[in-house]
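Here is a friendly walk through a protein model, written for someone new to reading structures. Keep the sequence and the 3D view open as you go.

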Amino acid sequence: MTKVKICGLQETEHVKAAAGADAVGFVFAPSRRKVSVEQAARLAAELPESVERIGVFVNADLAEILEAIEKVPLTMVQLHGDETGDLIRSIPVKVIQAFSVRNQKDVGKLEQSIADYVLVDAPGIEYRGGSGRTFDWTLLEHAAIEPGRLIVAGGLDAGNVRGAIESTAPFMVDVSSGVERDGKKETDKIKEFIKTVKGDSMQQTKGTEKDNGFFGRFGGQFVPETLMRAVKELEEAYAEAKYDPEFQASYHSYLKEYVGREQPLTFAARLTEAWGGPRVYLKREDLNHTGAHKINNAIGQALLAIRMGKRKIVAETGAGQHGVATATICALLDLECVIFMGEEDIRRQQLNVFRMKLLGAKVESVTKGSATLKDAVNEALRYWVSNVGDTHYLIGSALGPHPFPTMVRDFQSVIGKETRKQILEKEGRLPDVILACVGGGSNAIGMFHPFVNDESVRLIGVEAAGEGVETNRHAATLTKGTEGVLHGAFMKLLQDENGQVQEAHSISAGLDYPGVGPEHVHLEDIGRVEYNAVTDEEALASVISLSRLEGIIPALESAHAVAEAEKAAAGMGPEEILIICVSGRGDKDMATYAEKLEGLA
Amino acid sequence: MKRLQTLKDDGGKAFVAYIMAGDGGLDRLRDQVEYLQGTGVTAIEIGIPFSDPVADGPVIEEAGNRALNEGVTLDKVLLEMKSWDFELKIPLIVMTYLNPVLRYGAERFAESCRDAGVSAVIIPDLPFEHQQLVAPYLKQAEITLIQLVTLTTTENRLHDILDAAEGFVYAVTVTGITGVRDELTEEVKEFMKTVRSKSPVPVYAGFGISKTEHIDLLRDDVDGFIVGSAIVKAFHDNKIEDIEPLIDAVTHSNPV
């Protein structure tokens with residue numbers, strides 16, 4: 001059902017009338033409808049939780065926008081000026097970019113927008129940001145804009161809004177002057193407009209993610225009381241940092257100057273040809289300093305630890321990529337670093353163990369349980385419990401108690417945000433399919449999150465089927481797991497009928513985990529993302545194809561996404577676009593490749 | 001559980017003994033419980049083994065792994081307890097991580113605990129905020145959910161948690177995990193005083209209590225002691241008689 005936004009509210013009475021809408025707008029730019037941040041905060045407090053609070057700005061600076069986000073608080077930001085892509089990327093909530101549409105050239109501009117939504121309006125006269133006139137809706141007929149991203153505004157009222165919806169099938173309609181009389185909002189007109197769009201049902205739609213640490217039914221903070229204070233402190237510290245322009249600037253500066261972002265979205269010409277289906281693009285997280293996406297998160301959390309006054313870091317690692325990323329950033333920022341790693345993984349990933357040591361980290365071998373990632377997390381949690389006063393637990397995936405899954409996702413979302421902008425630049429439209437491998441699921445959630453509301457984009461997470469999901473040697477948690485609590489979150493687990501967590505198996509140490517991030521479980525639960533599993537053997541075959549066709553030796557983890565992509569590509573046409581997140585490079589897996597793929601040459 | 005309050009009112013100190021169910025085989029559990037009852041402990045905490053016991057130190061974790069290797073499950077422990085026909089004079093408390101409870105079904109868990117004669121339950125990874133998952137079923141089965149407080153519990157939380165406390169409050173004496181320790185700090189003493197002054201029910205100290213010196217240090221500031229790793233280790237080493245002085249140190253000063 002089309003959503004409704006009532007914009008330019010200034011009075012409590014009108015805000016209450018708009019409670020049946022999906023969103024309300026507060027105008028902070030010069031306009032007769034302008035409100036102060038304090039006014040907006042008071043008005044927003046009158047609204048049900050489910051209504052989006054959108055702040056409207058024209059060429060405001062980031063600090064002003066962030067302040068409003070935090071103080072109102074706003075759940076979305078709408079920009080009507082000449083804001084840059086850099087500014088849009090720095091805004092931590094969903095962004096609507098508004099465009100005045102007079103002709104086909106204007107349509108071209110909005111097609112290039114990297115914002116989450118585009119709002120289409122008729123050109124204003126006195127102020128930027130809405131004129132009260134309708135634009136030519138037919139201009140949008142051939143626009144390369146997903147209907148799921150489109151918001152239609154401009155001269156709408158109860159009389160013409162049905163026509164606008166029929167012509168443009170937008171995600172949302174936006175009204176301001178259409179619910180006013182003599183320049184003032186009118187309660188009856190607001191209600192009538194909402195009723196016209198929504199019919200009589202007035203059904204409220206709910207958001208899929210809440211701020212209390214749950215994604216639908218999944219997530220939470222299931223930790224011993226000894227850790228609750230640390231978890232709550234972290235929750236508060238991150239909530240502040242998220243909206244602090246200095247923190248965000250520092251984080252993005254390290255990504256650029258130290259990690260080497262942004263990373264290319266490489267067109268894979270030979271893979272495209274070989275598969276004979278869609279145009280294939282590779283998001284090159286393998287080019288990051290330290291060789292995988294893990295560093296995006298490690299930098300963010302290390303900066304947060306310093307902000308919290310903590311100079312000691314503990315982390316777990318599976319394949320060693322997160323351990324190396326953490327050890328690297330600890331060296332750079334002069335932090336003490338202890339890494340827990342399963343004995344079995346130490347054996348499989350000796351090169352990364354040496355890297356960590358060379359970088360000055362202390363690597364603790366975990367011999368308990370299956371001696372892999374799960375057991376390393378247990379030990380890291382125990383270490384954190386015992387040293388919680390001066391130590392930050394720098395978790396490596398979108399796992400653990402709230403706020404970790406949200407925080408790790410936010411730090412990794414740079415992957416999806418860049419990809420979105422790059423594909424719009426290259427192809428002028430969104431992709432049809434995106435794939436990423438899922439262990440705990442941090443590269444996947446970072447890639448998927450900026451696309452979750454784009455219904456036309458098929459999102460596929462790829463798990464490790466190990467020796468096959470029909471055997472008991474796999475790590476296919478979403479495919480075969482059941483609901484339960486591990487490491488602080490309610491999620492899906494590989495467990496027996498008595499609730500004992502089972503060992504996972506994958507040739508890839510980074511996917512060898514019997515749980516999966518709670519947001520992934522939610523996205524599966526609501527049917528937004530599909531999750532398939534790929535065997536050790538299939539992944540190894542993809543290592544060869546990507547190496548030989550594109551000259552890119554992928555990490556074993558990433559090879560799982562490549563293998564599933566080949567299957568997805570089989571059903572796709574040449575006009576379609578497929579993106580694979582190459583989460584890391586294969587250097588660390590060379591010993592395994594040498595052993596398993598010997599004789600290739 | 002009312003006897004715990006009575007003991008406190010009479011000026012006595014409680015000794016709660018923790019054992020890992022099925023360490024050395026589930027058939028040992030009955031003997032262990034009967035033995036401990038005979039030594040005069042106030043209550044017995046029966047631990048359910050779990051694959052990922054993040055709140056426990058190595059002694060209890062290893063005991064749990066031995067029990068898991070014996071095929072011990074939550075269901076089997078509760079059935080074993082249900083079958084007991086000897087006279088139980090002291091409360092039995094089940095300590096389990098949350099996941100086995102969720103898998104078993106929270107409502108069924110509460111009912112089975114009642115049938116097995118369990119008086120109270122401790123779930124270390126079920127924080128106060130999420131207790132609605134289990135608490136209503138336990139209440140219905142008239143089983144007490146024991147609250148934990150720690151040195152790091154903030155004042156506001158302490159207030160809320162103590163407000164909901166029944167039976168006794170489990171006060172964690174260290175910032176770490178369970179296990180045998182050499183020293184307890186003055187900070188612990190102060191913390192115990194604070195909790196005890198605010199708690200509507202007796203306050204027992206646990207995590208790291210293994211020596212009579214620990215008991216002497218805290219005796220005046222708590223209503224009882226919970227001893228886990230030291231007992232689990234003693235049973236495993238077949239030297240449980242070594243633990244009797246520790247039990248005596250607490251219970252012998254009690255008025256008869």
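A:D182 sits in the loop between strand 9 (180–181) and strand 10 (184–185) of chain A; helices (H or I, at least four residues) and strands (E, at least two) are DSSP runs, numbered from the N terminus. Although A:D182 is not a glycine, its phi is positive, at about 50 degrees. A:D182 is also exposed, with a relative accessible area of 77%. Here, buried means under 20% relative accessible area, exposed over 50%, and partly exposed in between (1.4 Å probe, protein chains only).

A word on the model itself: it is predicted, and local features need pLDDT of at least 70, side-chain atom pairs count only at pLDDT 80 or more, while totals for chains, interfaces and linings use all residues. Residues are numbered from 1 along each chain as its sequence is written, chains are lettered from A and ligands numbered from 1 in the order in which they are written, and side-chain values use heavy atoms, with hydrogens and water left out.

**Other backbone features**

A:D334 has a positive phi too, of about 60 degrees, and is not a glycine. You can find A:D334 in the loop between helix 12 (321–333) and strand 16 (336–342) of chain A, where the residue is exposed, at 61% relative accessible area.

Next, look for cis peptide bonds. One joins A:V72 and A:P73, with omega at about -15 degrees, and A:P73 belongs to the loop between helix 3 (62–71) and strand 4 (76–79) of chain A. Another joins A:H402 and A:P403, with omega at about 15 degrees; A:P403 is placed in the loop between strand 18 (391–393) and helix 16 (404–412) of chain A.

**Salt bridges**

Side chains of opposite charge can pair when their charged atoms come close. A salt bridge is a side-chain nitrogen of Lys or Arg within 4 Å of a carboxyl oxygen of Asp or Glu. By this rule there are 57 salt bridges over all chains. Here are some of them:

| Pair | N to O distance |
|---|---|
| A:D286 and A:R284 | 2.9 Å |
| A:E530 and A:R458 | 2.6 Å |
| B:R108 and B:D75 | 3.7 Å |

By contrast, A:D286 and A:R284 are both buried.

In chain B, B:R108 lies in helix 6 (residues 106–115) and B:D75 in helix 4 (residues 74–82), so the pair ties together parts that are 33 residues apart in sequence. B:R108 is partly exposed at 41% relative accessibility, and B:D75 is partly exposed at 25%. Finally, A:R32, A:R33, A:E180 and A:K185 are linked in a network of salt bridges.

**Nonpolar cores**

A nonpolar core is a set of buried Ala, Val, Leu, Ile, Met, Phe, Trp, Tyr and Cys residues joined through side-chain atoms within 4.5 Å. The largest one has 191 residues, and A:W384, B:I46 and B:F109 have the most contacts inside it. Helix 8 of chain A gives the largest share of this core, eight residues. Contact means heavy atoms within 4.5 Å. Not counting residues up to four places away in sequence, A:W384 touches several residues, including A:L227, A:V314 and A:F404. A second, separate core has 62 residues, among them A:L9, A:A68, A:V72 and A:I165.

**Where the chains meet**

How many residues does each chain bring to the contact? Chain A brings 34 residues and chain B brings 37 residues. The area buried between them is about 2,800 Å², with carbon and sulfur atoms giving 54%; buried area is the accessible area (1.4 Å probe) that two parts lose on being put together, summed over both. Five salt bridges are counted between chain A and chain B. In one of them, B:R157 meets A:E225 at 2.5 Å, N to O. On the side of chain A that touches chain B, helix 15 of chain A supplies the largest share, seven residues.
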